[in-house]
Amino acid sequence: MYLNNYITSYCTIVKNVVYKNEVPVFENRNADLPAFLLSAYQHFGLNYPKFYKMDNLSKLGWIASEILLKGSHIKDYQPEDVGLVLSNANSSLDSDLKYIKSVSDIPSPALFVYTLPNIMIGEICIRNNFKGEDAFFIFEKFDAGFIELYVNNLLNSNALSACICGWVDVFEDEYKAVLFLVEKEERDNAILFSKKNLDGIFENLVIDKG
Amino acid sequence: MPAVYIVADNIYSPIGVTTAENFEQVKQGISGIKQHHNTALADEPVYASLFDYADFKTDKQLTYTRFERLLIASVEDTLKDSGIEASDKKTVLILSSTKGNISLLETDADDPGLKDRIAMHTSAKLVAAHFGFVNQPLVVSNACISGIMAILTGMRLLQSGQYENAVIVGADVITKFVLSGFQSFQAISTEPCRPFDKNRTGITLGEGAATMILSSNAEYSDRIKVLGGAVSNDANHISAPSRTGEELKQAIEKALSIAGLKAGDIDFVSAHGTATSYNDEMEAKAIASAGLDKVPLNSLKGYYGHTLGAAGLIESIISIQSLKQNLILPTLGFKTIGVSDAINVCTALTSAALKTCLKTASGFGGCNAAVVFSK
């Protein structure tokens, strides 16, 4: 049996612009990545002291998840029914390079802990008390077909009721985050959860909602 | 949904290069853990289960890195005589690792192509091309539960009908990067690790690779099955385990429920058992509260050390051999119970009629995983 699931919200952060459901909601063109992330954190009035100790990958994914979930029905779910399936190309290489520089001096546990890409998932789970299935996959390029297959499997087998999925990649000043909230219920303005729509949003094309 | 069978497997470790060799060694209580004096690794001597470095000299002429050669060696032995063709369009390759080619940061940091060469999708592609896999390989990198997650990913892809066979390979190489990191957490044991023991002082790291081939083809219906599994998150701390074990317990209960089993149906548990104070305490709580406190349990870290992205695969494959041979292995390094919940840590090689095994793991990022294997 094949059940339809729905993208009920999506958020893209790329080239120093934040988009929520395709609408640009913040931009700060003349900033490097750490400064841009801090300006977005401040702009959206986020108040979460743990943000400051995160690495750039976790900061990017965390901010995208905050904007994605704003106004959503995520709090209606039980903690074990919400999970995350994220992916990227460069794993935690951005932080790996920072950690290895510390090794010749005093290896830093605060840097070492961020040398795993799924720490970003942990940060989002801690913030929202999400306790369901997680997974982190590495792909050369965003693989919408795999995300569609894997997340549909988790939702249709009732392993999860809602899933945050997508791509969060950082290497030095190159970065991109595209997150999708996928639910079983077709809410207002929901889009069918499909490879075509995932790819369309990822490439920042206008989505045909019909 | 179709059943998922384990068709073939391999463990490529410092104590053996086939599953049979490895099981014979651990049955005899032989461990790969030794003290190493190697300044490339650490200034002070350290206990670890490592390959002989002379076997793996860095040779820039070689196409494959040490990490990739481990993957290839393990996959090669597993595919041989398995009856599964890598080039079959119904076959997918899944790679599990925490740090892949990270050692290149120590040796080739100034190489402009480093970013692409170090990426795990590059290694996956090279290994896939080596054997002629036609589908895009998948890479799972989810801390210390990567191996079990890769098995669950393979199982799900087979159950959904997307593929018929999954070749799942995991490996990690221990270099200064990883060792210094665990040392910075004060998490490395000053002696070979002692899972669940009162005097445990932390982790011993280990190197290795392992491969498991899964198939949904009914021609393998006499083989051991992957009945089901689940993953959970503590939502508590990025580097410390849950204080209650509640979330690992939830993963265990979900895995049992998917498998259609109750706690009383499990014949033995292969725990994560890293021998850190907090991990073993959390696991004991989860296992006891899941109703598995009387079930014989072992940790295999005393034989292999913590092999990171390979651990879930190596320990699952040893547990599958245990099922086949009706033998539960003792927990090497364990003497006196050192966790607050009573659990039944296995201390001697035990013969018993075995049908079903639960394998668990937990890792940084608050992740937990459980999977059930059965005859």
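Biologist: Which residues in H6(B) meet which residues in H11(B)?

Modeller: Contact here asks for C-beta atoms, placed from the backbone, within 7 Å. On the H6(B) side you get B:Ser146, B:Gly147, B:Ile148 and B:Ile151, and they meet B:Ala311, B:Gly312, B:Leu313 and B:Ser316 in H11(B). By class that's 4 nonpolar, 4 polar and no charged residues (Ala, Val, Leu, Ile, Met, Phe, Trp, Tyr, Cys and Pro count as nonpolar, Asp, Glu, Lys and Arg as charged, the others, Gly among them, as polar). Mind you, this is a predicted model: local features need pLDDT of at least 70, side-chain atom pairs 80 or more, while totals for chains, interfaces and linings use all residues. Residues are numbered from 1 along each chain as its sequence is written, and chains are lettered from A, ligands numbered from 1, in the order written.

Biologist: At what angle do H6 and H11 of chain B pack?

Modeller: Two packed helices are described by the angle between their axes and the distance between the axes. Here H6 (residues 146–159) and H11 (residues 311–325) of chain B pack at about 70°, axes 5 Å apart. H6(B) and H11(B) are therefore roughly perpendicular (65 to 115 degrees).

Biologist: Which domains does the assignment give chain B?

Modeller: Domain bounds come from an automatic or database domain assignment. For chain B that gives domain 1 (4–220) and domain 2 (225–374), with C-alpha centres 20 Å apart. Their contact takes 57 residues from domain 1 of chain B and 54 from domain 2 of chain B.

Biologist: Which element gives the most to the side of domain 1 of chain B that touches domain 2 of chain B?

Modeller: H6(B), with 7 residues.

How values were computed
Axes fitted to C-alpha atoms, helices over the stretch in contact; angles between N-to-C directions. Helix = DSSP H or I, 4+ residues; strand = E, 2+ residues; numbered from the N terminus. Parallel < 35°, antiparallel > 145°, perpendicular 65-115°, else oblique. Contact = placed C-beta atoms within 7 Å.
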